[in-house]
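Work through the two exercises below with the sequence and the model at hand. Each task is followed by its solution in steps.

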Amino acid sequence: LNRIGNVIPAFTHNRVYLGHRFQTVDFERKIQLAEKFYLTTDEDYQLKLLKDNSIHFVYVGFEEQLLRKNSNLPSFTPPDFLKPVYSNAFISVFELI
C-alpha cells in the first residue's frame with residue numbers, strides 16, 4: 001500500500017495514489033479506499049476507484065498480499081479489466097485496459 005508508494009516516485013518519477021503519509025492529500029481516506037480495493041471482490045468498486053482517480057497501473061506485492069492474508073482471504077486475483085504487465089516471485093503489476 002503506502003510503503004511501495006514511497007519508493008515508486010523516488011525511482012521512477014511517476015506519481016502514486018497512496019504514498020508518503022504527509023505528502024499524500026487526504027491520506028487517511030485514501031488508505032481506507034486502497035485497502036478496500038485490495039480486499040473486495042466488487043469489481044464495480046475497483047473499476048470506479050481506478051477510473052475516478054486516473055490510476056492506470058496496480059501494484060500487488062508483499063504488503064497487499066499480507067493485507068488479504070490477515071483478513072483470511074486468498075491471494076489477490078485481478079479482475080478482467082486488469083492485464084498483467086510484470087510479475088516475478090514477489091510482485092505483480094497490472095495495467096488498466
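**Exercise 1. Determine the strand order of the sheet and the strands at its edges.**

Step 1. The order is β1-β3-β2 in an open sheet of 3 strands, and the pairing is antiparallel. Strands (E, at least two residues) and helices (H or I, at least four) are DSSP runs numbered from the N terminus, and two strands pair if DSSP finds at least two bridges between them.

Step 2. β1 (57-60) and β2 (82-87) each have a single partner strand, so they stand at the edges and one side of each lacks a neighbour in the sheet.

Step 3. On average, neighbouring strands here are turned by 25 degrees against each other, direction ignored.

Step 4. β2 and β3 (residues 92-96) run antiparallel and are joined by 5 bridges. Opposite E95 in β3 stands K83.

The model is predicted: local features need pLDDT of at least 70 and side-chain atom pairs 80 or more, while totals for chains, interfaces and linings use all residues. Residues are numbered from 1 along each chain as its sequence is written, and side-chain values use heavy atoms, without hydrogens and water.

**Exercise 2. Describe the packing of α2 against α3.**

Step 1. The axes of α2 (residues 27-39) and α3 (residues 43-52) are 9 Å apart, at an angle of about 135 degrees. Axes are lines fitted to C-alpha atoms, for helices over the stretch in contact, and angles run from 0 to 180 degrees between N-to-C directions.

Step 2. L33, K36 and F37 in α2 meet Y45, Q46, L49 and L50 in α3, contact being heavy atoms within 4.5 Å.
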